[in-house]
Amino acid sequence: MRLGPADMRLFGLPPGADFPERLATGLLERLSGTPPEALARVTLFLNTQRLRRRLRTAFMAGGATLLPRMRLVSELGADPLVAPAGPSVSSLGRRLELAVLIGRLLEAEPDLAPRFALYDLGDSLAALMDEMRAEDVPPERLMQMNLEAHAAHWSRTRRFIELVERFFGTSAAPDAEARQRLATLAQIARWRAAPPADPVIVAGSTGSRGTTALLMRAVAGLPQGALVVPGYDFDLPAAVWDSMDAGPGAEDHPQFRYRRLMQALDLAPGQVLPWQDAPPPDPLRNRLVSLALRPAPVTDQWIAEGPGLGDLTPLADRVTLVEAPDPRSEAGALALCLRQAVGQGRRVALISPDRDLVRRVTAALDRWGIRPDDSGGQPLRHSAPGRLLRLVMRAMGTRPMADELLVLLKHPLAFRGGARGEHLLLTRKLELELRSKGPAFPDPAFLQSWAATQPEADAALWGERLGHWLEDLAATGPAPLADLSARHRRLAEALVRGTGTESAALWDRAAGQDAQAAMTELAEQAPASLELTPAAYAELFDAILSRRQVREAVTVDSRVEVLGAQEARVQGADLVILSGLTEGIWPAQPAPDPWLNRRMRMEAGLLLPERRIGLSAHDFQMAMAAPEIVISRAARDAEAETVPSRWLNRLTNLLDGLSSNGGQAALAGMRAKGRALLEQAAALERPLPLPRAGRPAPRPPLADRPQRLSLTEVERLVRDPYAIYARHVLRLRPLSPVRPLADARLRGEVLHRVPEAFLRGAVPADPAAAADRLMQITDEVLAEAVAWPAMRAVWRARMADLALPFAESVLQAGRVPVALERKYEIDIPGLDFRLVGKPDRIDMGDDGTLHIVDYKTGTPPSPEQQKNFAKQLHLAAVMALLGAFPEVGPHDRVAIAYVQLKRDLKTVAATLEAEDLAHVLEEFRALITAWRNPRRGYTSRRAMFETRDQGDYDDLARYGEWDVTDDPAPEDVP
């Protein structure tokens with residue numbers, strides 16, 4: 001069998017060709033007339049597992065047959081016949097070794113880099129080592145470069161480069177990249193010693209990596225060796241090929257790597273032969289894209305060659321351009337496009353380097369029950385075991401806040417080893433307790449005492465196990481990496497075990513097995529000398545998890561594939577969607593290189609950023625050649641407007657300039673189809689039209705209306721009656737936030753407790769001593785009730801400002817406190833209504849006048865506000881008139897005062913005589929009587945102090961669909 005002319009060993013397939021199918025068909029054509037075993041003697045070196053699977057399917061499409069030997073290029077490093085003997089170092093192990101060395105370097109020279117970046121620096125340095133091995137760049141070449149112009153930067157980089165020299169010696173245990181290169185060299189040596197007589201083909205690779213390019217050059221020199229490359233542009237003129245030799249500026253061209261391959265094989269572009277004669281799906285589109293992606297210095301050829309493309313109008317028949325306003329709209333349109341393709345029985349592939357967009361599209365497809373076959377899998381860190389391990393590692397060495405603890409307890413794997421149902425019940429009850437009463441940082445003592453009061457059978461055991469777990473969690477401190485890893489695993493398993501004895505649920509299924517493998521590898525590879533804080537360990541472990549992907553054994557729709565950009569060459573779909581075409585995503589923004597700048601890389605022979613862009617450009621060119629395509633981008637992301645991908649920009653500009661041969665019409669047609677898709681997707685998202693809610697004013701039966709209100713609720717009845725209806729008729733109670741906040745409510749509670757505790761004890765006669773006593777109480781209250789050190793300092797400073805003035809006012813008043821923060825009730829005569837109050841302070845004056853004081857952390861109500869709305873102290877005085885306070889009996893003369901807890905102790909005071917009290921009582925009777933009118937409704941937001949004030953029940957009242965200018969809509973409530 002002869003693969004082709006003896007001096008031509010490089011074959012290509014054009015963009016858009018189904019590479020696996022064409023590769024198999026071309027090989028079978030060349031073997032036509034040979035015995036069946038001839039195919040089995042062929043060796044194929046392939047670049048991806050996906051290509052191997054599809055190629056196997058292509059060979060078997062014609063029936064039972066012998067298959068060629070199909071090997072992955074990356075598998076050479078594991079071949080015992082050519083790979084070096086002895087143990088090798090895993091990728092993680094190498095990075096941890098580098099982290100140890102970098103740590104020692106930073107101890108000696110701490111100004112080189114921050115210590116918390118140990119693993120990141122080790123990871124980046126290991127990536128540089130891999131690249132140096134692949135491109136055959138020894139450390140000596142870097143150390144010998146004359147870089148006087150970069151003295152400051154190079155002096156720092158040199159210190160780190162010196163660390164990796166030891167790993168390039170013959171005595172160092174090889175890592176994966178070193179094994180791959182050594183195995184490749186050994187295989188080449190075997191071929192030179194005894195060239196194989198049977199065909200050897202490298203297919204699918206482009207030679208972008210040095211080690212792979214080395215193998216390809218060796219195969220091309222074999223008697224029966226050949227290279228078959230995907231996406232070769234046969235339409236590119238010779239002048240364009242020649243322009244790529246001018247310098248590194250052409251490396252961002254999609255065909256640049258083929259130019260370098262041809263130069264290495266001493267071939268001209270005309271000597272690259274088609275592997276098959278079958279044309280691509282759309283030759284016109286291939287020529288258009290080829291012209292659009294010409295190197296920048298020769299884009300003047302657009303004008304010269306563009307009109308020669310012929311009529312471009314048919315392009316719009318099989319190309320759609322989606323220019324979405326935002327990522328959500330883009331994902332919705334693409335999901336709808338995929339759904340339509342599935343309904344038509346077509347195979348479709350979504351190609352995107354944007355994993356966030358892929359997740360959005362996958363979520364949108366769920367509405368139709370479509371689960372795509374995602375080649376990227378799911379990040380392990382987003383799986384259930386991965387999330388639990390990350391939650392535990394973030395909590396190590398800390399005292400979790402209430403919301404953080406609840407997140408841990410509500411995880412689907414928590415307490416799976418015991419009674420999961422009882423655990424969830426206790427967790428929900430604990431949440432209500434923490435929302436209403438706290439504490440902000442639940443400790444073991446609180447959890448155990450609270451659990452002991454619960455009626456569930458295993459509640460006490462639940463509280464005990466959880467308390468011990470929190471103690472173990474908080475006790476984590478700086479330790480060797482192996483110890484931290486073991487402690488991390490023990491804590492995670494204990495949380496899963498709960499009140500039972502089994503923790504196997506954490507390691508179940510594919511995600512659990514991968515997570516367990518990650519933990520085991522970390523424990524095995526952890527250097528004994530690497531000591532980390534819990535925070536640094538969390539960063540390291542998070543980086544390890546982020547590198548792992550997991551593919552769950554779930555049923556997927558094989559007609560819908562989600563592929564990475566590099567997999568475009570083997571997709572073979574009827575419809576291909578190219579999404580995320582914005583600058584910075586496709587092509588990706590080059591990652592910052594902490595070691596070498598562009599000039600240093602060029603002199604050393606390492607990859608330049610332009611070459612990586614060229615690789616992405618080649619992926620784009622191949623994907624654009626599919627039978628039918630949809631191109632999409634979002635005009636803005638979550639932060640700002642986006643810039644179209646440079647390739648999309650070139651394509652649209654070229655079409656827009658070719659008005660004479662239908663380019664503008666084709667572009668308009670592509671955009672029209674995209675707009676139609678966006679409109680259809682928006683229609684799916686658009687909610688059903690609902691009538692706008694009116695301003696509610698429910699009228700419940702009189703028997704259901706409240707017959708008891710507190711002093712503060714009376715003002716709410718005047719300002720927002722709907723809140724009284726929701727609380728007392730519907731019996732709805734607002735929940736406090738799950739994360740405790742140092743907000744105005746907590747500040748008010750704390751600053752009220754301090755005067756109460758101060759006045760309950762003996763007040764020193766000396767103002768300074770009294771102020772000291774007040775600050776001592778302040779410290780005790782703040783330590784107990786406020787978990788945030790910063791807020792404790794702020795609120796303590798506020799109390800320190802008013803301590804002496806407050807003590808002086810108490811001593812000068814000459815009054816005796818008779819009641820502090822005590823709850824009282826009284827029935828209003830003739831109303832069958834009960835008034836409830838809890839005054840902050842009730843004093844008896846020397847002249848027999850009763851004084852009722854209310855402390856305010858905000859601004860006290862003005863006399864005008866008290867006249868119409870703020871009746872709290874006026875009604876407290878009425879309670880005194882009616883004898884609600886048994887300590888002092890009825891009083892017909894009451895002094896009321898609102899005192900602001902600030903340095904100046906701003907006070908709004910008044911004295912109510914008998915006639916004033918009688919007037920307030922009659923007003924209150926009139927108010928309650930008015931609410932006993934069955935035609936009167938509880939109007940929402942009747943007289944709020946400010947329109948921006950928020951009520952607890954505004955959402956229930958559907959405030960926003962109406963405003964305060966709307967008339968109420970009374971409605972009888974059965």
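Visitor: Is Lys 856 buried, partly exposed or exposed?
Guide: The model is predicted: local features need pLDDT of at least 70, side-chain atom pairs count only at pLDDT 80 or more, and totals for chains, interfaces and linings use all residues. Residues are numbered from 1 along each chain as its sequence is written, and side-chain values use heavy atoms, with hydrogens and water left out. Buried means under 20% relative accessible area, exposed over 50%, and partly exposed in between (1.4 Å probe, protein chains only). Because its relative accessible area is 23%, Lys 856 is partly exposed.

Visitor: Which residue forms a salt bridge with Lys 856?
Guide: A salt bridge is a side-chain nitrogen of Lys or Arg within 4 Å of a carboxyl oxygen of Asp or Glu. For Lys 856 the closest N and O atoms are 3.5 Å apart.

Visitor: What is the volume of the largest pocket?
Guide: On a 1 Å grid over the protein atoms alone, a pocket is an open set of points with protein on both sides within 12 Å along at least five of seven lines, while a cavity is a set where a 1.4 Å probe fits but cannot get out; lining residues have an atom within 4 Å of a point. Grid points are joined across faces, edges and corners, and the volume is the space filled by probe spheres set on them. Lys 856 is among the residues that lie nearest the centre of the largest pocket, together with Thr 712, Arg 716, Arg 745 and Gln 872. The volume of this pocket is about 2600 Å³.

Visitor: Which element gives the largest share of the lining of that largest pocket?
Guide: Helices (H or I, at least four residues) and strands (E, at least two) are DSSP runs, numbered from the N terminus. The lining has 50 residues, and elements giving two or more of them include α28 (711–719), β21 (833–837) and β23 (850–856). The largest share is seven residues, and these come from α30.

Visitor: How many residues of the lining of the largest pocket are charged?
Guide: Ala, Val, Leu, Ile, Met, Phe, Trp, Tyr, Cys and Pro count as nonpolar, Asp, Glu, Lys and Arg as charged, and the others, Gly among them, as polar. The lining has 15 nonpolar and 14 polar residues. The charged residues number 21.

Visitor: How much space lies in the largest cavity?
Guide: The structure holds five cavities of 30 Å³ or more. Residues lining the largest cavity include Pro 706, Leu 709, Phe 833 and Trp 931, and the lining divides into one polar, two charged and seven nonpolar residues. The space in this cavity is about 90 Å³.

Visitor: Which helix holds both Arg 489 and Glu 493?
Guide: The side chains of this pair meet in a salt bridge, at 3.4 Å from N to O. Arg 489 is partly exposed at 23% relative accessibility, whereas Glu 493 is buried at 17%. Because the two are four residues apart in one helix, about one helical turn separates them; that helix is α21.

Visitor: How far apart in sequence are the parts tied together by Arg 796 and Asp 779?
Guide: Arg 796 and Asp 779 form a salt bridge whose closest N and O atoms are 2.6 Å apart. Arg 796 lies in helix α32 (residues 789–813) and Asp 779 in helix α31 (residues 767–785), so the pair ties together parts whose separation in sequence is 17 residues.

Visitor: Which residue has a cis peptide bond with Trp 586?
Guide: Most residues other than glycine have a negative phi, and most peptide bonds are trans. Here omega is about 10°.

Visitor: What is the phi of Leu 905?
Guide: Leu 905 sits in the loop between β24 (894–900) and β25 (907–912). Leu 905 is buried, with 13% relative accessibility. Although Leu 905 is not a glycine, its phi is positive, at about 50°.
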